[in-house]
Amino acid sequence: RANRFLSQKQYKSAIEEYSAALFLVPDDPYLSPELHLGRAHALNGSRRHESARNDAQLAIRIRPSPEAYSTLAKSHFYLRDYASSIDAFEKCEELLPESETLSLFDQAYMEKAHTFLKEEVGHDDSRSVGTTRSTKSVVPKLPPPRFVPREQAIHSTPNMPSMPKNWPQQSLHSPTALVVGVERPVMFLSESLGIKLNRGSDGIIRVMSVTPDTATSPIARQGNIEVGDIVREAAGVDLRRPITNIMWGDTVALIKMAPRPITLLVAKELSEIPGFVLDERERIRKLNGLS
């Protein structure tokens with residue numbers, strides 16, 4: 001989806017999709033550089049050139065490639081750092097096969113960078129000749145800030161909501177905190193996992209139903225998994241913190257595409273089970289005719 005958004009110049013959506021994918025595979029030696037470069041192109045399209053430069057540098061750090069240096073060179077060019085742009089284009093050219101040269105597009109950028117760099121040098125030289133009179137601008141003196149007591153500031157702002165008496169707490173002893181048991185691996189050998197997973201409104205992934213692994217069942221797995229278990233890791237994706245819908249959609253796609261066997265790490269939920277989880281379980285039981 002990210003590549004489609006990028007091709008349609010929907011840069012904001014493309015950046016979100018690339019970021020979600022990088023959350024799932026931040027250090028993959030093959031996939032991560034491509035995601036960083038894709039996001040760099042989208043960031044350049046959004047005129048966020050410093051962030052694009054950072055993404056290109058991250059891609060180079062993981063796996064240097066001509067495309068990565070080309071993207072870095074153009075990001076430097078947009079930032080008017082023409083010397084760094086030329087240097088990146090030269091490194092790009094060094095990594096190309098002997099029979100290949102820079103694309104016409106990159107050659108045009110490199111020529112412009114050389115031209116602008118010469119103009120900058122000539123402009124600096126002309127400024128260094130002649131008067132040496134200081135041209136520092138005068139900074140106006142501003143009056144010191146007036147101290148306003150906190151109570152006065154609150155009462156002088158009619159639209160400010162009142163302060164809550166009790167702030168919400170999030171700690172290991174709070175009923176809203178997630179507490180889980182020991183993590184245990186479950187290996188799935190069959191194409192179908194035979195389980196139903198759900199991302200709750202709290203961003204946590206839970207097991208909502210489990211198909212029994214019997215002798216006549218097409219489901220094959222090793223390990224114990226139960227309804228109500230929390231999924232802590234799936235196909236190498238860390239799910240120990242709340243995730244967004246986009247991230248969960250990408251994780252589901254990775255689980256479906258991953259070769260079997262595939263391993264999930266699950267743990268029993270020891271904290272109080274949220275009401276929406278109980279409602280969803282009941283709905284699934286009714287759909288399966290188990291009520």
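**Close-up 1. R232 and E183 form a salt bridge in this predicted model**. The closest N and O atoms of R232 and E183 are 3.3 Å apart; a salt bridge here is a side-chain nitrogen of Lys or Arg within 4 Å of a carboxyl oxygen of Asp or Glu. R232 sits in strand β5 (residues 230–234) and E183 in the loop between α8 (150–155) and β1 (184–188), so this pair ties together parts 49 residues apart in sequence. Helices (H or I, at least four residues) and strands (E, at least two) are DSSP runs, numbered from the N terminus. R232 counts as buried, at 12% relative accessibility, while E183 is partly exposed, with a relative accessible area of 30%. (Buried means under 20% relative accessible area, exposed over 50%, and partly exposed in between, using a 1.4 Å probe and protein chains only.)

**Close-up 2. E183 also forms a salt bridge with R240**. Here the closest N and O atoms are 3.0 Å apart. R240 lies in the loop between β6 (237–238) and α9 (245–257), so its pairing with E183, in the loop between α8 and β1, ties together parts 57 residues apart in sequence. R240 is partly exposed, with a relative accessible area of 31%. Through shared partners, salt bridges join E183, R232, E233, D238 and R240 into one network.

**Close-up 3. E34 pairs with R63 in a salt bridge**. Their closest N and O atoms are 3.1 Å apart. The pair links distant parts of the chain, 29 residues apart: E34 is in helix α3 and R63 in the loop between α4 (49–62) and α5 (66–78). Both partners are partly exposed, E34 with a relative accessible area of 38% and R63 with 28%.

**Close-up 4. Helix α2 (residues 11–24) packs with helix α3 (residues 31–45)**. The angle is about 155° and the axes are 9 Å apart; axes are lines fitted to C-alpha atoms, for helices over the stretch in contact, and angles run from 0 to 180 degrees between N-to-C directions. That makes α2 roughly antiparallel to α3, a term used for angles over 145 degrees. Among the residues that meet are Y11, I15 and L22 in α2 and L35, H36 and R39 in α3, where contact means heavy atoms within 4.5 Å.

**Notes.** Residues are numbered from 1 along each chain as its sequence is written, and side-chain values use heavy atoms, leaving out hydrogens and water. Because the model is predicted, local features need pLDDT of at least 70 and side-chain atom pairs count only at pLDDT 80 or more, while totals for chains, interfaces and linings use all residues.

Methods. Parallel < 35°, antiparallel > 145°, perpendicular 65-115°, else oblique.
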